[in-house]
Amino acid sequence: MMGTARLGVDIGGTFTDVVLEDDGKTYSTKVLTTYAAPENAIIEGIHQVCAKSGVAPTGIGQIIHGTTLATNALIERRGAKTALITTEGFRDVIEMRTESRFEQYDLNLNLPEPLLPRQMRYTVPGRLDATGAELVPLTRADIEPVIDQIAAAGYESIAIGLIHSYLNPAHERLVAEVVAEKMPDAMVSLSCEVSPQMREYERFNTVVANAYIKPLMKSYLSRLEDRLKGEGVNCSIFLMHSGGGIISIESAADFPVRLVESGPAGGAVFAAHIAARYGLDKVLSFDMGGTTAKICLIKNQTPKTSRVFEVARTYRFKKGSGMPISIPVIDMVEIGAGGGSLGSVDAMRQIRVGPESAGSEPGPACYGRSGLRPAVTDADLVLGKLDPDNFAGGSITLDAAASKTALNAEIGGVLDMDATTSAFGLAEVVDENMANAARVHAVENGEDLSEYTMIAFGGAAPLHAGRLCEKLGVHRLLVPSGAGVGSAIGFLRAPFSFEANRSVYMRLSDFDPDAIIALLTDLNTEATGFVRTCDAHAKIISEYKVYMRYTGQGWEIPIELTEEQAMAPDAETFKARFIEDYTKLFGRSVDGMDVEITVWSVNATTPPERVDPIKQVARKNDAPIAGKRQVFDPGTSDFQDAHVVLRDTMLDGAGVDGPAVVTEDETTIIVPASRAALRQPDGCIDVRTKP
Amino acid sequence: MSHSNVAYQVMWNRLISIVEEQAQALVRTAFSTSVREAGDLSAGVYEIDGQMLAQAVTGTPGHVNAMADAVAHFIGRIGRENIFEGDVYITNDPWEGTGHLHDITMVTPSFHHGKHVGFFACTAHVVDIGGRGLGADGASVYEEGIHIPILKFAERGVVDKTMVAMLRSNVREPDQLIGDIYALATCNEIGHRRLIEMMDEFTLNDLTGIATFILDNSRRATLERINALPRQSADGEMTIDGFDTPISLKVKVSIEQDRILSDFTGTSGLDKKGINVPLVYTKAYACYALKCAIAPEIPNNAASLAPFEVTAPENSIVNAVHPAPVALRHIIGHFVPDTIYDALDKILPDLVPAEGAGCLCNFQVSLRPRTDAPAPANAVRSEVLTFNSGGAGARPEHDGLNATAFPSGVMTMPIEATEHAGPVIIWRKELRPDSGGAGKQRGGLGQFMEVGAREGHEFDFQAMLDRVDHPARGRRGGQHGAPTTIEQDDGTPMRGKGKQFVAHGRHVLMAFPGGAGYGDATKRDPDMVKRDLARGYISTVSAAKDYGLSAEDIAGVLAGVARGDIV
């Protein structure tokens, strides 16, 4: 019989993280990702956690899997031979983008190439109008010669994206029918199914991305199932999706574009779970690794979501330099700021950091692998935040002299600063960059960060989180244990869920309750259906959301509705809900303007896992001090003696005043002079402003 | 209290972040299509004497210098002694603001602990400002809408209700205009709050120290760039369609010690139509062009902009003075960079692109129920404005960008959204093969558009297109881009500019111009020629004629496409 252990697997760019939970205990491991056959790393990881836990592979009852494979295939353009079939007159939508330049001052700017070059984009006649009515019919006779051409060219995967198909799928379905007859082996993706939202550029790009990675992901997922069976693992496999829930392996194979960014989504779910444990309604999750930092707002223990995001940014993580994917996604800001991000001085004699990264080869200068340019890790070392003899559990001895040489060469020499001041400058700039990203994200969401608690995870986050809190006026920081494999743990906390969206315009002055009920019922059936394929019996909750704006504006805001507000709709309630949220976001409402709804959304989800709140403790005693070291204090711009505490020796309620460093194998928590740290019963280190 | 270099570095970053945030707040709340889609807005922070310290990078370079100069005008008009905490100032003066009445600029003084420390300013294009509406038809600025001189919109926190009532009764969309004015005021307020947080965090009493740091470093960096250039001058010129008669733009660019002077002497005089340009707008585009070429990464502020000096004779078309009509000043303004580059290329070869489409390919469709026969009951009146781009000029090392705006940073609207805005049908919007000028580097392709109305409607078509008679000129042996064409589907010819009637059932067919080529086409990498042919950027005819591709190679490329080869 099947066991009760649950396994979370996160395939990242460098490491594959595997976490096994059994009987309330957690075992984890990190193995190097095996690009050619990613399932190999998973099997290796399973062997390791099974050995650690004493659970046999047959004892695994459920696997939740998240992966960057879909993202990487898009970034590295390793997808299938794919054709797009679109409406005559609109062959170049995915190439013409928004007709703008994302960087205004670069005369040599080049725009990212579309996933499919022009000769792989075919057109058919037929046209719908903005009400979904047929302007020009589309017949089989129109379609057949086009499919014959595509078949002759040997395409493996076909994307179908026609104008206004989000309102009426008939033409897209007819094309799909002819494809199925003439090319039975080809995989087909329809824009009216993958992303039924208005805005042809985003929708077409999303269906093309789905088609492009579908053969690859389908083949990977079926290989994975086979390999696991070979190991005696016969349980169900589920996939983490970008919206922070899990779907069946079949749904994942049909809509692989929904797997993009599933790893970071797991991190947000992880943070949300910690938030629930502490009863925190306003949390900022901060995930900082080697090359990027990700920031997400988590309100009421639910990560904020969005309908569209950009993947594969090609130009300094700049907005507009990637490709838009319109799927439900956890809304995160990602900036090029990680431990490996490199510092330099620009023409204005300003210190700049990232997004260029030293990566793992050559790595920061202090790794002693012939890296000559200073990275954030070099600054951290020079400022005393890292112990050169105890980095990554002592596996690498860091060379502070090399860091100083690199800092002097790139920064100190240019700005006439010593190595310490250069390191301080570099660290302040990277922290300020992250703080600015967090501030802008908060303002865009009408939030005041001073009421927030930060939850930090990822290798570099605990080194910078304390300073970030000071800059943001955030008074409490939690650093959970297991932070190094946070995403994989997050997978195990995620509900089964599926969000269905559709674009349909409606002004409140033309409010049509019957149409609304029909539309939402339809979306609810679709979303619930996906969840049912994961679990035939679980209770399913439906969450209703509409996107609204004043008529004449271009930016809609999400309005959450209760089931009653959604299914017994009236215009006054919708308007009141809109005015309430609009005022919160922008400070005031606008009199005299009509309001319109643009997008409708239903998220079907199993109830969140019940979380037992922990009994939080106050400081009972002082943690044992393992030593002292000099750590740079930004407040006084000088080194100060800091207590060193080993995380493993901190008991519940043990505390230490900043300046202090709390060390463990995976990372180091810096407690600034303004803060004090305390161990909570679940192992979190709780860092708060001193009274 | 003195601050460390590191602290000032952080503060400079913060100020740039503050103005970007200020601009984002506007994009999300503004009602004007050109603000939210085209980024036609700006936001900046200033020290107490009105010197700009940081400015948001938005979709339009047209506000670059205008914003830098604006606050000084406000200080002069309001009078220092009349600046109080809680004040908000307003203007839409084309000469003291940003070039036409449709742009509203608002300025808010910032006070910290009761002391005046600086200013925030922002500008946005509003939907309507009364008068004849946005178009070139006014004979003077008096016909183009209501003029708001520099005034207090609010004094010590109290809004001037008389002004609001006056404005409301002079425009077509009063709720939207007043909504946008409040959005501008709020956007300054957001910037102000963030500035005060920063001043508290760093215990600043004033902005003197940080202002000196920013301006000194920017000035030094800009002058280093300028002084590394050869001290030469060169002439540039170009001719464009204009409204009724062609317009000649002339400039002499002189690189001198510590400054670059652009002198537009010799340029055509004022036009009767509202396509004239206040000098402030000419300066913005001239400066933008030079900064892109010489100092692209230096942020805009008073010191980094000051060395770029621009002069033009009064009442030439690029220095229109009151009361010249200026509503569509963007058309000529968008050609200023290509004019500057014509001169700069003679001093600094292999740096600047060949000519591109230049001005945006915009048009407005005024739809109404058909009048030639009974209209259906559901026919409506509606105004639909769209933004579109031709091809950009080829660069020394890169092809021109296809259907991408330059110098403007406009974004187009999705056609699905446009068709929701009114009973218009966009039948075609795709790349225009063979429109990019041939060259070692090919010019960017223009695009085809075809526009009609839903059953039961007819419309007036307000065209704002140029380059019908004056296509983009190639550089260093590169060929010209294709010119603009416009006609109806029954062959009825149309003009590039002005309002024209389109009867029920007719479509307007347009081909927007391509960018010009750079260098000799026969020197183009044959693999790139084959790629262009496979993609259909060029026809078999052009591949053979312009690039000398053999019949055998052409057949090979076409066979590869049929096989689905990835080229």
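This is a predicted model: local features need pLDDT of at least 70, side-chain atom pairs count only at pLDDT 80 or more; totals for chains, interfaces and linings use all residues.

Biologist: Which residue in the turn between strand 2 and strand 3 of chain A has a positive phi?

Modeller: The two strands of chain A form a hairpin, with 2 residues between them. In that turn one residue has a positive phi of about 55 degrees, and this residue is Asp23(A).

Biologist: Which helix of chain A gives the most to the side of chain A that touches chain B?

Modeller: The contact takes 63 residues from chain A and 69 residues from chain B. Helix 7 (200-230) and helix 12 (419-444) of chain A each supply at least two residues of the side that touches chain B. With 10 residues, the helix of chain A that gives the most is helix 12.

Biologist: How many residues of the side of chain A that touches chain B are nonpolar?

Modeller: That side of chain A includes 19 polar and 17 charged residues. The nonpolar residues there number 27.

Biologist: How far apart do the C-alpha centres of domain 2 and domain 3 of chain B lie?

Modeller: Chain B is divided into domain 1 (5-219), domain 2 (353-524) and domain 3 (525-567). The contact between domain 2 and domain 3 of chain B takes 10 residues from domain 2 and 12 residues from domain 3. The C-alpha centres of these two domains of chain B lie apart by 26 Å.

Key
Residues are numbered from 1 along each chain as its sequence is written. Chains are lettered from A and ligands numbered from 1 in the order in which they are written. Two residues are in contact if their C-beta atoms, placed from the backbone, lie within 7 Å. Helices (H or I, at least four residues) and strands (E, at least two) are DSSP runs, numbered from the N terminus. Ala, Val, Leu, Ile, Met, Phe, Trp, Tyr, Cys and Pro count as nonpolar, Asp, Glu, Lys and Arg as charged, and the others, Gly among them, as polar. Domain bounds come from an automatic or database domain assignment. Two strands pair if DSSP finds at least two bridges between them.
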